[in-house]
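This report goes through one protein structure, from its aromatic contacts to its cores and a few individual residues. The sequence and the coordinates come first.

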Amino acid sequence: MDGNLEISLDKLPIKRLESIEENGVERYPSDSSYDEKRVSLIRRIDFAWALEDDEERERKKRQKKSSKDASATWQWQSMVENLQLAHQELSVIIDLINTVDANDAVTVAGMTRPKPLPNEVLSDLAVSAATKLQCYRQLGKYFKQSAKALEEQIAREARFYGALIRLQQNWKVKRQRLAAAASSSEGFIIDLFDNSLYDSAAMCRPSSLSTIRVDHDSAGMLAINLPPNSCRSLHFGFLGVHSADIPKELGKIRTRGSVEQCTREREKESMSDDEYIKETHTLLREVHQSIFDDQVFEMLNREAFNQSIGVNVTGIRENYLQLSIGQGNTLFISLVPSGKGDDQDAANTQDSESAIVPLDSFDNVKLEGKHGTSKRKWGFPNRTSCEIYLQQIVHEHAFVKAKDKPNLSGTRVSGQSGKDGPGLLGHFCLSLAHRIFSNRVLVELENVVCRVPYLHLMTHPTWHSQTSSWTIFLKVPQSILHAESQSLKSDFQNMKDAVKSQFRTKVVVNDDRINVEGDGAPNVVSLFKRSSENISSVNKYECDLADLPVIILLQGDTVSLVAHVNPEDIKGGIAWWLVMEDGSPDDWKLQMDMYDGASEYRKFLGHLTLDVLYSTLMDLVSLCGGGRNH
Amino acid sequence: MDSPTQNTSLRRLQNVEKRIVRVLELAGGVMDELANPTGPRKEFINNHCREFMKMIKDIQVTLRDEIKSACEYRPFEKCDYSSRISNEICCKKLEYVLFQLDAMKQTIDEYQATV
C-alpha cells in the first residue's frame with residue numbers, strides 16, 4: 001500500500017446520552033428501527049479497499065505466474081480474474097439484498113465491539129464529565145434564581161400579611177376562596193357588619209359599605225380602595241342658629257377620609273408601613289362610624305313617624321329630617337358626606353328661609369362679655385354635644401345588650417314609641433327642650449348672683465336629662481356677723497342664737513316647671529308654671545323669671561330684714577339680709593315696689609351710700625308692721 | 001401590639017420561610033461547586049451538605065410544632081364592634097370636653113391679662 005491511508009470513522013455502537021433533564025432523568029436516542037439498521041449496515045459496506053487488496057494479491061500472484069508465463073495472456077488474465085472476483089462480491093451483495101427483500105428475520109447475531117483505543121475512552125469520559133458539569137452549573141444557577149425569587153416573594157407577602165394581621169386584631173377579616181379563584185387577589189374582605197345587635201329585627205340590613213375588599217397595590221402591599229364620599233356622617237343643628245362649631249378637632253377625623261383617597265397614592269412611598277397601616281385603620285374606623293350613623297338616621301326616621309310625644313316632624317328631604325320641639329325651636333338631623341357638614345348647614349338654613357342669627361353657642365357665654373351684644377336669653381346647647389348625645393342614646397338602646405347597659409335611671413329610655421310614652425326621639429326632643437329652658441333659667445340666676453359677692457351659685461348634676469337643679473348660697477362673712485352682734489347687742493339678744501350665717505335656696509327645674517325651695521322651709525314652696533303657649537306674652541314670662549331672683553332671696557321661715565351699718569368700715573363692707581316672715585309673693589311685690597328700684601337691688605348693693613341704705617331699711621322696717629327685726 | 005404567642009408563632013413561620021430560601025441557596029452553592037472545573041473541594045461540599053440537612057431538619061421540626069399547636073379556627077365568637085362604637089362616642093365626648101376646657105383656660109388667661 002502506498003500513499004495515503006484512508007480512514008473512515010464510525011461512531012461507536014454504544015448507547016450515547018442524548019440529554020439529561022432537570023430531575024436527573026437521562027435520555028438516550030431512540031433505537032433505530034430494523035430497516036434503518038439494515039440500511040446503515042449496507043451503507044457501510046465499502047469494498048474499495050477490498051477491491052484494492054484483491055487487486056494487490058492478484059497482482060502478486062500474477063507476477064509470480066507471470067514470471068513463469070511471461071508473454072501473451074498477461075493483460076487479459078488479470079482482467080478476467082478481477083472480473084471474477086467482482087462477480088463473486090456482487091453475488092454476495094445480491095444475495096444480501098435478496099434476503100433483505102424477502103424480509104427474512106435476519107438479526108445481527110453479534111457484533112464484536114471494536115476495541116476502543118485509549119484516547120477514545122478518555123475522550124468519552126471527558127465528554128460525559130463535561131456534560132455533567134454543565135448540568136450541575138445549570139442546576140446551581142436555577143437554584144440560586146429560585147432562592148432569590150422566593151426571597152422577594154416572601155418579603156412582599158410578609159408585608160401584605162403583616163399588615164393584614166394587624167388589621168385583623170381590630171376588624172373581622174374573612175376570606176372567600178371562590179372569589180380568589182376568579183380575581184387575582186387572595187379574596188380577603190373586611191366585614192364591618194355587626195351581627196351581635198341587640199335589636200336585630202330592627203337593623204338587619206347590612207349596608208353596601210359593610211364589606212370592604214382588600215386589594216393589592218402596585219407594590220404588592222395591602223390597599224383599600226373606596227369610592228370618594230362614600231362615608232356619611234350624622235349632622236345635627238338648630239334651625240336659625242348658625243352655631244360656631246368645634247372647628248378643627250372634631251372635623252379632623254371626618255375630613256381625613258375624603259382627603260385620604262387622593263393623596264394616598266402619592267404619599268405612599270414616603271410613609272412607612274406603620275403609618276400606612278394606621279391610615280388604613282383610620283379609614284376603616286370612619287367607614288364603621290358611617291355605617292352606624294346611617295343606622296341611627298334610619299332609626300330616627302322610623303321613630304319620627306310613630307307619633308310619639310314631643311316630636312313633630314316639620315320637614316323631610318332626602319337624608320334630612322326636621323323636627324319642632326316646641327317654643328318655636330326647630331332642629332334638624334341630616335346625613336352629609338363626611339367633611340362637608342358646615343356647608344350643608346348653611347345651605348339648609350338658607351333653604352328654609354329662616355333668618356340666620358349669628359350667635360355663639362351658649363357655652364361660650366363667658367367670652368361674650370367682651371363682645372357684649374349677644375342675646376343670652378336664647379342660648380341653645382352646643383350642637384356637637386347634642387349630636388353626641390343622640391348617638392349615645394341610640395347606641396345604648398339598640399346596640400348594647402340589656403345586661404351590659406349602665407344602670408342610670410334617668411337615661412333609661414324605653415324603645416317603645418307610641419301613645420304610652422316618648423320613644424327615643426321623643427325623649428331626645430324633650431331633653432333638648434328642657435335644656436333650652438334651663439339655660440334661660442340659668443341666665444337669670446347668674447344675673448342675680450354675678451354682682452353680689454356673698455351670693456354663690458352652685459349647679460347640681462341631676463343625672464337626669466330633663467331635670468336641672470341649682471342652689472344659691474348666701475354666706476355672710478364673719479366680720480359682719482360679729483359687728484352686728486356687737487352693735488345691736490341690746491336689741492337683738494335672741495338674734496345671736498337665731499342668726500344664721502348661711503342661707504340656702506334651691507331651684508329645681510323639671511322640664512319647664514320651676515320649683516324654688518328655701519332653706520329650712522320645706523313648706524314654703526313657690527311654684528311657677530310656665531305654660532308653653534305663652535311665649536307671646538313676654539311680660540309674663542319676664543315677670544316670672546324676674547320674680548325668681550327676688551323669690552330666691554326672700555325665702556325662709558323666719559325672715560327678717562337686717563341691715564348692718566358699720567360706719568367704721570369704709571370699704572363698703574355692706575351686707576344686708578333680706579330675712580322676712582313668710583308671706584305671699586304679692587306682699588313682697590308690694591314691698592319691692594316700695595323699695596326704690598327693688599328689682600335692681602343688685603345694683604343697689606355696693607353703690608349706695610351708707611346713710612341712704614340705712615334710711616331705706618328703716619322705712620322697710622317700719623313697713624313690716626313693727627315686726628321685730630330679728 | 002399583639003399577644004406574645006402570636007408574635008413568636010408568626011416569627012417562627014417566617015423563619016421557616018427564610019430557611020427554605022437559605023436551603024435553596026445552599027443547594028445552588030453545592031451545584032456550583034460540583035461544576036467546578038478543577039474539581040469540588042471536599043470540605044466545602046461537606047459543610048454545605050451538613051448545613052443543608054440541619055436546616056431541613058429544623059424546618060421539619062418547626063412545621064410539625066406549629067401544625068400541632070395551631071388551634072381550631074373559631075370565627076368571630078365575640079364581636080367588639082358595638083363597644084368600638086361606644087369608644088368612638090367617648091372619644092368625641094373627650095374632644096368636646098377638651099375644647100370646653102381650652103375655652104375656659106382662654107377665658108382665664110384673658111381675665112388675668114386684663115387684670
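## Aromatic pairs

How many aromatic pairs does the structure hold over all chains? The model, which is predicted, holds nine of them over all chains. Phe160(A) and Phe188(A) make up one such pair, with 6.3 Å from centre to centre and 45 degrees between the planes, which is a tilted arrangement. Phe160(A) belongs to helix α4 (residues 118-168) of chain A and Phe188(A) to strand β4 (residues 188-191) of chain A, so the pair ties together parts that are 28 residues apart in sequence. Both Phe160(A) and Phe188(A) are buried.

Elsewhere in chain A, one aromatic cluster is formed by Phe236(A), Phe238(A), Tyr389(A) and Phe428(A). Rings also take part in contacts with arginine. Arg317(A) lies over the face of Tyr320(A), 4.3 Å from the ring centre. In chain B, Arg41(B) lies over the face of Phe44(B), and the distance to the ring centre is 4.8 Å.

## The two chains

Chain A has 630 residues, and 38% of them are buried. Its secondary structure consists of 17 helices and 18 strands. Of the contacts in chain A with a separation of 6 or more, 63% are between residues 24 or more positions apart.

Chain B has 115 residues, of which 28% are buried. It has three helices and zero strands, and its elements follow the order α-α-α from the N terminus. The accessible surface of chain B is about 8,200 Å², and 60% of this belongs to carbon and sulfur atoms. Among contacts in chain B between residues at least 6 apart in sequence, 63% join residues at least 24 apart.

## Nonpolar cores

Which residues touch the most other members of the largest nonpolar core? They are Phe238(A), Leu323(A), Ile333(A) and Leu425(A), in a core of 34 residues. The elements giving two or more residues to this core are β8 (232-238), α7 (273-304), β10 (320-324), β11 (330-337), α10 (383-398) and α11 (424-450) of chain A, together with α3 (81-114) of chain B. A second, separate core has 27 residues, including Val173(A), Phe188(A), Leu222(A) and Tyr81(B).

Phe238(A) of the largest core is also a member of the aromatic cluster with Phe236(A), Tyr389(A) and Phe428(A). For Leu323(A), neighbours within four places in sequence are left aside; its contacts then include Ile333(A) and Leu425(A), along with Val311(A), Val313(A), Leu331(A) and Cys429(A).

The side chain of Tyr320(A) makes a polar contact of 2.8 Å with the side chain of Gln322(A). Tyr320(A) and Val336(A) are 16 residues apart in sequence, and their C-alpha atoms are 8.8 Å apart in space.

## Asp191(A) in strand β4

Asp191(A) is located in strand β4 of chain A. Its relative accessibility is 9%, so Asp191(A) counts as buried. The side chains of Asp191(A) and Lys174(A) are joined by a polar contact of 2.7 Å.

Which residues is Asp191(A) in contact with, leaving aside its neighbours within four places in sequence? In chain A they are Lys172(A), Lys174(A), Ser210(A) and Thr211(A), and in chain B Tyr81(B). Tyr81(B) is also listed in the second core, together with Phe188(A).

## Ser468(A) in strand β13

Ser468(A) sits in strand β13 (residues 467-475) of chain A. Why does Ser468(A) count as buried? Its relative accessible area is 9%, and buried means under 20%.

A polar contact of 2.7 Å joins the side chain of Ser468(A) to that of His434(A). Not counting residues up to four places away in sequence, Ser468(A) touches His434(A), Ser438(A) and Thr462(A), as well as Val507(A), Val508(A) and Val509(A).

Technical notes: Residues numbered from 1 in each chain as written. Chains lettered and ligands numbered in written order. Predicted model: local features only at pLDDT ≥ 70, side-chain atom pairs only at ≥ 80, totals over all residues. Heavy atoms only, no water. Helix = DSSP H or I, 4+ residues; strand = E, 2+ residues; numbered from the N terminus. Buried < 20%, exposed > 50% of the residue type's maximum accessible area, 1.4 Å probe, protein only. Polar contact = N/O pair within 3.5 Å; in protein donor to acceptor, adjacent residues only side chain to side chain. Contact = heavy atoms within 4.5 Å. Phe/Tyr/Trp six-rings, centres within 6.5 Å; stacked < 30°, edge-to-face > 60°. Lys NZ or Arg CZ within 6 Å of the ring centre and 35° of its normal. Core = buried A, V, L, I, M, F, W, Y, C linked by side-chain atoms within 4.5 Å. Areas by Shrake-Rupley, 256 points an atom, 1.4 Å probe, with all protein chains shown as cover.
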